[in-house]
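Here is a brief report on selected features of a structure. The sequence and model come first.

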Number of protein chains: 2
Amino acid sequence: MRSRLLDAASALFRVHGLAGTSIGAIAAAADAFPSQITYYFRTKEALFVEAACRDALRLAERAEKAAARARTPAAYVRALVDGIMRGDGLAPFVEALTLARRRPDLAPQIARTIERLHVEGARAYAGEMARRGWLTRRPADLSARRFWAIALGIALEGQATGRSAAEMSAAMREALGEMASAEPAGATAPPLRLVAASAPPSAKPA
Amino acid sequence: MRSRLLDAASALFRVHGLAGTSIGAIAAAADAFPSQITYYFRTKEALFVEAACRDALRLAERAEKAAARARTPAAYVRALVDGIMRGDGLAPFVEALTLARRRPDLAPQIARTIERLHVEGARAYAGEMARRGWLTRRPADLSARRFWAIALGIALEGQATGRSAAEMSAAMREALGEMASAEPAGATAPPLRLVAASAPPSAKPA
């Protein structure tokens with residue numbers, strides 16, 4: 001029942017958001033009584049956070065599985081990033097993180113989920129690099145923390161401004177830069193350059 | 001009056017959040033009538049987004065001014081990042097970005113603000129690098145986009161898990177890595193390394 005409630009809640013929250021979804025609607029979708037929701041989760045907000053955390057961990061796991069089939073470091077990063085950004089999948093987790101700022105009772109579950117994303121991400125990354133003999137630019141734990149900070153920032157910006165999943169994926173890959181290389185010779189860091197005072201940034205002025 | 005309403009709203013939203021602040025309370029704090037708020041801003045949400053966007057731009061400007069006094073590239077990045085993370089200053093902007101996902105009418109102002117943060121950030125960064133003759137790892141516009149994606153991700157994670165401003169600043173500097181160098185010899189990119197399959201990530205397992 002607990003898992004059925006989470007599945008029903010997750011589907012409704014994804015479409016209607018936290019404010020637009022009632023306990024009654026979740027109960028109806030799961031063929032349950034509203035009292036069963038309060039029995040298992042106490043509040044709608046706690047159910048929302050639990051569903052968002054569970055979905056974020058599943059999203060990460062699926063993305064890692066898809067990336068494991070990639071043949072080059074660039075394809076690996078692309079598969080990982082595409083998987084994370086697919087179908088606005090991080091949006092509920094971003095909303096849960098914002099919610100937790102005003103609801104300290106919900107923060108521990110968020111903190112545990114971020115820790116798991118970091119630890120499991122680092123383990124998967126280190127495993128893949130070792131298995132293929134690829135060279136990595138940073139220790140695996142730093143790579144994972146950096147990956148998730150950029151993912152959350154890009155998802156937050158992108159969903160606020162109506163970007164597509166493909167646009168968010170491109171922006172995230174740009175921000176990540178090269179993470180790993182198949183061979184030392186191909187592993188050039190971005191070159192250091194002098195900036196001319198007169199050179200305008202290539203973005204258009206607002 | 002418009003500016004006085006924004007100041008009063010900004011102070012109240014910062015303490016009580018969007019949901020915990022009423023139009024009546026903002027009017028009282030600004031010595032105004034509630035009808036003046038709806039006249040200038042139409043809704044509380046629109047006022048919230050405008051105040052959050054204005055404050056984010058000011059926060060960025062102040063951080064750039066503080067960073068301009070730094071004597072080394074590392075001190076420059078530290079001053080910039082400390083300034084952005086100070087006093088949970090990005091929190092209302094993060095909440096505004098989350099809100100805009102369900103309120104497309106508020107998205108254009110958010111998009112314009114992100115664009116201004118990128119363009120003005122790139123201009124300030126390029127100007128500082130050129131003035132000092134420092135070498136930079138990436139073009140200024142990419143540096144600015146990357147800086148803000150990481151800042152928003154770290155702020156979102158940090159405020160959800162109750163991190164201090166100092167902890168968020170350290171996490172952001174770790175994710176940024178080296179942005180610039182005073183001299184080519186000191187400008188080493190993170191070395192490429194092989195990961196041993198048995199090497200555990202240094203983070204503790206959950």
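## Around B:Ser143

B:Ser143 touches B:Tyr125, B:Thr136, B:Arg138 and B:Met179, leaving aside residues up to four places away in sequence. Contact means heavy atoms within 4.5 Å. B:Ser143 sits in helix 8 (residues 140-160) of chain B. Helices are DSSP runs of H or I, at least four residues, numbered from the N terminus.

B:Ser143 counts as buried because its relative accessibility is 4%. Buried means under 20% relative accessible area, with a 1.4 Å probe and protein chains only.

## Basis of the model

This is a predicted model: local features need pLDDT of at least 70, side-chain atom pairs count only at pLDDT 80 or more, and totals for chains, interfaces and linings use all residues. Residues are numbered from 1 along each chain as its sequence is written, chains are lettered from A and ligands numbered from 1 in the order in which they are written, and side-chain values use heavy atoms, without hydrogens and water.

## Helices 5 and 8 of chain B

The axes of helix 5 (residues 73-85) of chain B and helix 8 of chain B come within 11 Å and cross at roughly 45°. Axes are lines fitted to C-alpha atoms over the stretch in contact, and angles run from 0 to 180 degrees between N-to-C directions.

From helix 5 of chain B, the contact uses B:Leu80, B:Val81, B:Ile84 and B:Met85; from helix 8 of chain B, B:Phe147, B:Trp148, B:Ala151, B:Ile154 and B:Ala155.

## Helix 4 of chain A

Helix 4 of chain A is mostly covered, with 17 of its 24 residues buried.

Note on methods:
Helices (H or I, at least four residues) and strands (E, at least two) are DSSP runs, numbered from the N terminus. Buried means under 20% relative accessible area, exposed over 50%, partly exposed in between (1.4 Å probe, protein chains only).
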